[in-house]
Amino acid sequence: MPKLISKERVILKNVISGVGLYTPVDVISNDELVESFNCFVADFNARHSAAISIGETEPLQPSSTAFIDKASGILSRYVIDKNGILDPERMKPYVAPRSNDQISLQAEMALKAANLALDEAGLKGSEIDCVIVACSNLQRAYPAVAIEVQQALGAGGFAFDMNVACSSATFALQIADNTLQAGTASRVLVVNPEICSAHLNYRDRDSHFIFGDACTAMIVEREDVAKSVNQFRILGTRLQTSFSNNIRNNFGFLTKCEDRSFDSPDTYFVQQGRKVFKEVVPMVAELIIKHLDDLQLPASELKRLWLHQANINMNSLIARKVLGRDPSETEAPTILHEFGNTSSAASIIAFQRFRDGLQSEDLCLLCSFGAGYSAGSIVLRKV
């Protein structure tokens with residue numbers, strides 16, 4: 001009988017060879033966020049006291065640090081502007097306008113994370129020939145932020161932006177892997193500049209605590225040319241989408257044509273949390289289990305699960321379904337307490353922060369899930 005050749009050794013030869021993380025300077029604790037929100041609530045209820053007293057208006061309810069911790073596991077978050085968010089009369093970050101001759105805010109964040117990833121991979125920007133900026137929100141339609149990053153790095157080839165909400169990074173990783181396999185690029189930079197504080201409604205008790213800001217970057221290249229000491233071979237990628245309105249943001253270029261307020265609640269992040277939990281957890285667990293099964297890799301061999309960081313309860317349940325038991329903190333690490341939900345950057349932050357201690361050939365998983373619904377599974381092996 002002829003000897004079977006390992007699929008992962010012959011066909012899939014690309015690795016993640018460098019990872020970078022940039023976080024803004026400003027940090028907001030739960031206590032600070034609750035104090036600001038409760039000031040807004042008290043002012044709203046006082047201004048509408050007459051309507052509230054006759055039942056025409058529902059009074060707003062205050063938030064609490066205990067509620068936030070129990071609901072999410074989040075204790076703090078990095079943001080691009082703390083003062084604007086905590087001002088009860090503004091409750092959104094202040095972003096100073098920049099001229100077209102200045103680098104854009106997202107490109108600036110992207111460069112900081114990208115340079116760290118390049119350093120880890122032992123590369124220069126000029127050695128990159130594909131740049132993908134993948135994130136939940138882009139600050140403009142065109143020119144692409146990715147092309148701006150490409151120029152600033154001195155990279156060649158081509159660049160483009162893409163958006164699959166919280167799954168943007170894993171979807172971009174599959175594109176990077178496919179691009180290298182097709183031979184249309186030699187090294188790909190995937191970068192995820194997430195400014196989630198700009199689409200978060202800080203006046204909504206159920207969601208005002210969820211998001212933070214950060215930017216991650218990854219270098220993807222062929223294993224036979226990679227020279228970094230910390231590489232992860234891509235064994236397989238699997239993506240899935242299923243349309244749902246349970247996570248939505250209606251702000252877009254047509255909003256100004258609809259003759260309505262740019263500040264209406266549906267122009268911010270909106271979700272039906274209980275429905276999301278109920279529907280996304282089994283979808284993601286099934287995706288991972290089926291992906292591993294198709295690769296003929298047992299879940300019991302997984303040494304690390306870097307999951308999207310949306311909610312600590314979702315992560316625990318998904319990991320439990322995949323492993324068939326409760327995961328340890330090492331096996332399924334969380335970064336929610338420090339970062340909050342940073343959309344597509346979240347699972348990459350967990351990956352960047354918790355790679356130490358793995359041995360050569362250890363099996364790992366990078367997974368995203370979020371609006372769309374969208375989910376991405378990337379199976380990796382430590383080189």
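Which residues of helix 12 are buried? The buried residues of this helix are Ala345, Ala346, Ser347, Ile348, Ile349, Ala350 and Phe351, where buried denotes under 20% relative accessible area, exposed over 50%, and partly exposed the range in between (1.4 Å probe, protein chains only). Helix 12 spans residues 345-353 and is mostly covered, with 7 of its 9 residues buried. Helices (H or I, at least four residues) and strands (E, at least two) are DSSP runs, numbered from the N terminus.

The model is predicted, so that local features require pLDDT of at least 70 and side-chain atom pairs count only at pLDDT 80 or more, whereas totals for chains, interfaces and linings use all residues. Residues are numbered from 1 along each chain as its sequence is written, and side-chain values use heavy atoms, with hydrogens and water left out.

Rings of Phe, Tyr and Trp (its six-membered ring) pair if their centres lie within 6.5 Å; planes under 30 degrees apart count as stacked, over 60 as edge-to-face and the rest as tilted. Phenylalanine 40 and phenylalanine 44 are both buried. An edge-to-face pair is formed by phenylalanine 232 and phenylalanine 351, at 5.1 Å centre to centre and with 80° between the planes. Because phenylalanine 232 lies in strand 8 (residues 232-241) and phenylalanine 351 in helix 12, this pair ties together parts that are 119 residues apart in sequence. Phenylalanine 232 is buried at 0% relative accessibility, and phenylalanine 351 is buried with a relative accessible area of 0%.

Phe40 and Phe44 also belong, with Phe37, to one aromatic cluster. Charged side chains were examined by a geometric criterion: a charge sits over a ring if NZ of Lys or CZ of Arg is within 6 Å of the ring centre and within 35 degrees of the ring normal. Arginine 203 lies over the face of phenylalanine 40, at 5.8 Å from the ring centre. The charged end of lysine 382 is placed over the ring of phenylalanine 232, 5.6 Å from its centre.

Threonine 267 occupies the loop between strand 9 (247-248) and strand 10 (270-271). This threonine is buried, at a relative accessible area of 6%. A polar atom of its side chain lies 2.8 Å from the backbone oxygen of phenylalanine 262 and 2.6 Å from the backbone oxygen of serine 264. Beyond neighbours within four places in sequence, threonine 267 is in contact (heavy atoms within 4.5 Å) with Asn249, Asn250, Phe251, Thr255, Arg260, Ser261 and Phe262. Between the C-alpha atoms of threonine 267 and tryptophan 306, 39 residues apart along the chain, the separation is 30 Å. Tryptophan 306 is part of strand 11 (residues 302-307) and counts as buried at 0% relative accessibility.

The search for disulfides, defined as pairs of cysteine sulfur atoms within 2.5 Å, returned 0 across the whole structure. For cysteine 196, which is in no disulfide, the nearest cysteine sulfur is that of cysteine 166, 7.0 Å away. Cysteine 196 is buried, with a relative accessible area of 1%, whereas cysteine 257 is exposed, with a relative accessible area of 54%.

Terms used:
Polar contact = N/O pair within 3.5 Å; in protein donor to acceptor, adjacent residues only side chain to side chain.
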